[in-house]
Amino acid sequence: MRYADGPTATAETPIAAPPARVWELVTDIGLPARLSPELTSATWLDGASAPALGARFEGHNSHPRAGTWRTHSHVVELVEHRAFAWAVTDPDGCFGDAAPDPARPLASWRFELSPAADGTTVLRQTVRLGPAPSGLSRVIESAPDREEAIIAARLDELSRNMTITLQGIKALAEESAG
């Protein structure tokens with residue numbers, strides 16, 4: 001597995017709540033900052049106040065080994081009650097890409113909601129790394145012979161973080177649905 005291949009991680013959970021309630025939660029960009037071990041805040045940019053194709057938001061992240069950094073995310077998919085996806089760029093050129101391009105993100109994130117016949121929802125979160133350079137790229141550059149192990153460790157960490165986020169969304173959705 002190589003960074004250039006766009007490695008991915010996915011987590012999912014069933015939620016005893018209708019898709020409309022789960023949708024309200026996953027499209028609240030501030031909510032993951034309350035749940036995620038890495039994302040510390042998110043705010044809409046350019047006067048946006050809700051998801052729309054092309055809308056942007058700024059995220060602030062913190063990691064014990066990588067420090068803190070800022071990102072700009074661009075909404076690239078929005079299908080009500082079904083899918084919300086964004087491409088993450090590096091507005092400050094911290095990782096080497098001085099011209100942020102959502103068509104060439106440092107990561108792409110997606111929530112997918114699958115309604116079930118019984119009124120519940122399966123929520124899936126996926127991240128795809130690259131192709132633009134990221135903090136992970138720097139780690140790989142420092143130990144290129146360990147690229148596969150470095151990527152595997154990061155994907156495991158992201159999977160754990162997504163599971164924590166999904167469990168928080170599940171708890172909130174089921175609390176209000178019950």
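1. Thr43 lies in strand β2, where a strand is a DSSP run of E of at least two residues and a helix is a run of H or I of at least four residues, both numbered from the N terminus. With a relative accessible area of 43%, Thr43 is partly exposed; buried means under 20% relative accessible area, exposed means over 50%, and partly exposed is in between, using a 1.4 Å probe and protein chains only. Not counting residues up to four places away in sequence, Thr43 touches Ile29, Phe57 and Glu58, a contact being heavy atoms within 4.5 Å. Thr43 and Ala98 are 55 residues apart in sequence and 22 Å apart in space, C-alpha to C-alpha.

2. A word on the basis of this note: this is a predicted model, in which local features need pLDDT of at least 70 and side-chain atom pairs count only at pLDDT 80 or more, while totals for chains, interfaces and linings use all residues. Residues are numbered from 1 along each chain as its sequence is written, and side-chain values use heavy atoms, with hydrogens and water left out.

3. Phe57, one of the residues that Thr43 touches, lies in strand β3 and counts as buried, at 7% relative accessibility. If neighbours within four places in sequence are left aside, Phe57 is in contact with Ile29, Ala42, Thr43, Trp44, Leu45, Thr71, His72, Ser73, Val75 and Trp86. From this list, His72 is 15 residues from Phe57 in sequence, and the two are 5.7 Å apart in space, C-alpha to C-alpha.

4. The largest nonpolar core has 42 residues, and those with the most contacts inside it are Val22, Val26, Trp109, Phe111, Leu123, Val127 and Ile169. Helix α4 gives the most to this core, with eight residues. Such a core is a set of buried Ala, Val, Leu, Ile, Met, Phe, Trp, Tyr and Cys residues joined through side-chain atoms within 4.5 Å. In soluble globular proteins, nonpolar side chains tend to be buried together. Phe111 touches Val26, Leu123 and Ile169, and also Arg82, Ala83, Phe84, Trp86, Arg124, Gln125 and Leu166, not counting residues up to four places away in sequence.

5. The arc is that of the directions from the helix axis to the C-beta atoms. In α3, Leu136, Ser137 and Ile140 are buried, and they fall within an arc of 105° when seen down the axis, so they too line one face of their helix. On the other side of α3, Glu141 and Ser142 are exposed.

6. The largest pocket has a volume of about 930 Å³ and is lined by 41 residues, of which Glu38, Trp69, Trp109, Arg154 and Leu158 lie nearest its centre. On a 1 Å grid over the protein atoms alone, a pocket is an open set of points with protein on both sides within 12 Å along at least five of seven lines, a cavity is a set of points where a 1.4 Å probe fits but cannot get out, and lining residues have an atom within 4 Å of a point. Grid points are joined across faces, edges and corners, and a volume is the space filled by probe spheres set on the points. The largest share of the pocket lining, eight residues, comes from α4. By class, the lining has 25 nonpolar, 11 polar and five charged residues, where Ala, Val, Leu, Ile, Met, Phe, Trp, Tyr, Cys and Pro count as nonpolar, Asp, Glu, Lys and Arg as charged, and the others, Gly among them, as polar.

7. The structure holds one cavity of 30 Å³ or more, and the largest cavity has a volume of about 40 Å³. The lining of the largest cavity divides into six nonpolar, one polar and four charged residues, including Val88, Asp97, Arg104 and Pro133.

8. Some backbone details deserve a check. Most residues other than glycine have a negative phi, and most peptide bonds are trans. Asp46, in the loop between β2 and β3, has a positive phi of about 60° although it is not a glycine, and Asp46 is exposed, with a relative accessible area of 62%. His81, in the loop between β4 and β5, has a positive phi of about 65° and counts as partly exposed at 28% relative accessibility. A cis peptide bond, with omega about 10°, joins Gly130 and Pro131, and Pro131 has its place in the loop between β7 and α3.
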